[in-house]
Amino acid sequence: MTPERWPLTSPSLRREARAVPRQRMRRLLMEFREDARLDQVFIVLTLGSALISSLGLLANSAAVVIGAMIIAPWITPLRATSFGILRGRLPMVVQGLGTLLVGALITVSLSLLLGKLAGLPDFGNEVLSRTSPNLLDLGIALVAGGIAAYAKLRSEAVSSLAGTAIAVALVPPVCVMGLLLSANQWSLALGAGLLYLTNLLGILSGCLVVLAKSGPGLRHHMRRSRLSLISLSLTAVLVVPLTSSFLDLVQRGRQQTLQRQLQDTIQNLLVRETVTLGQEAQLDGMTIDWDQNPP
């Protein structure tokens with residue numbers, strides 16, 4: 001045996017190599033325990049995010065709502081919950097979900113109160129756009145959850161968390177739910193709740209998959225963990241209502257395309273073909289009421 005091969009076969013070095021993943025796992029465990037805690041920082045950031053998001057939704061301001069997304073601290077305990085599910089640590093799962101529950105209760109209560117005080121008869125597009133989730137929202141949440149887990153494993157990717165929070169927001173749908181409940185719009189509030197649940201389970205599942213891929217030990221835990229199976233199954237169940245919404249979205253898109261084509265055709269015929277207007281006429285405007293039959 002050559003001297004160059006000796007270090008590779010040294011028992012002490014082999015033990016040291018095995019100890020490195022264990023040390024890394026212990027470090028992650030301690031960090032995730034801190035992330036799952038309900039502390040003053042989480043409550044203050046939740047209050048700030050809920051206030052900004054609710055006011056931005058009432059003002060129908062996309063920029064303000066985006067600012068609230070960045071402030072929101074909810075991805076942190078959700079990411080810790082996914083790690084607890086993966087490792088089968090029920091106390092961490094309960095603690096993380098409890099933190100998220102407290103945050104959701106604070107947010108929906110605050111937004112409901114602001115909605116009552118504002119007393120708006122109708123809400124803008126920023127509210128209504130968050131009441132009809134579909135498969136696209138689930139796909140975004142899955143990718144965002146994977147990026148959130150990757151940012152935890154790789155410190156150089158931590159800057160991506162702000163973009164992740166914007167891409168898949170947890171606080172604004174809860175604020176929308178509170179505002180709609182203040183106006184007794186129960187069916188739309190249910191849609192906002194479904195969007196929140198979609199984002200929640202999507203992020204959770206995305207985190208689970210990426211964390212499981214980060215090491216053979218975690219992959220083993222994922223295969224054996226019943227909590228992982230339950231989480232992924234709940235996410236799969238969401239596919240049924242989200243698929244229906246997605247098909248409705250596709251149908252509306254096709255209908256709007258057909259309406260635009262018909263409107264362009266009618267406009268061209270009015271200008272070019274009718275004797276009344278003539279070849280050199282200019283059309284100032286035209287509207288078609290598609291709700292009437294015939295339009």
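**Leucine 45 sits in helix α3.** Helices here are DSSP runs of H or I with at least four residues, strands are E runs of at least two, and both are numbered from the N terminus. This is a predicted model, in which local features need pLDDT of at least 70 and side-chain atom pairs count only at pLDDT 80 or more, while totals for chains, interfaces and linings use all residues. Residues are numbered from 1 along each chain as its sequence is written, and side-chain values use heavy atoms, with hydrogens and water left out. With a relative accessible area of 32%, leucine 45 is partly exposed, a class that lies between buried (under 20%) and exposed (over 50%), using a 1.4 Å probe and protein chains only.

**Leu45 belongs to a nonpolar surface patch of about 410 Å².** Helices α3 (40-58) and α4 (62-71) each supply at least two of the patch residues, and α3 gives the largest share, with four. To count, a patch residue needs over 30% relative accessible area and no salt bridge; nonpolar side chains (Val, Leu, Ile, Met, Phe, Trp, Tyr) are joined within 5 Å, and like charges within 9 Å. A salt bridge is a side-chain nitrogen of Lys or Arg within 4 Å of a carboxyl oxygen of Asp or Glu. Areas come from the Shrake-Rupley method with a 1.4 Å probe, and for residues only the protein chains shown count as cover.

**Helix α5 (residues 75-87) is largely enclosed by the rest of the structure, because eleven of its 13 residues are buried.** Among the buried residues are Ile75, Pro77, Arg79, Phe83 and Leu86. From first C-alpha to last, α5 reaches 18 Å, close to the 18 Å expected at 1.5 Å a residue; that expected span is 1.5 Å times one less than the number of residues. Glycine 88 follows α5, with a positive phi near 70°.

**Helix α10 (residues 171-182) is mostly covered, with ten of its twelve residues buried.** The buried residues include Val171, Pro172, Cys175, Gly178 and Ser182. Their cover includes α3, α4, α6 (90-118), α7 (125-128) and α11 (186-213), where contact means heavy atoms within 4.5 Å. Following α10 comes asparagine 184, whose phi is positive, near 60°.

**Two aromatic pairs are found in the structure.** Phenylalanine 32 and phenylalanine 83 are stacked, at 4.5 Å centre to centre and 20° between the planes. They link distant parts of the chain: phenylalanine 32 is in helix α2 (residues 11-36) and phenylalanine 83 in α5, 51 residues apart. Phenylalanine 32 is buried, at 0% relative accessible area, and phenylalanine 83 counts as buried at 0% too. The other pair, tryptophan 74 and tyrosine 196, has ring centres 6.1 Å apart and planes at 75°, so it is edge-to-face. Tryptophan 74 lies in the loop between α4 and α5 and tyrosine 196 in helix α11, so this pair ties together parts 122 residues apart in sequence. Both tryptophan 74 and tyrosine 196 are buried. Rings of Phe, Tyr and Trp (its six-membered ring) pair if their centres lie within 6.5 Å, with planes under 30 degrees apart called stacked, over 60 edge-to-face and the rest tilted.
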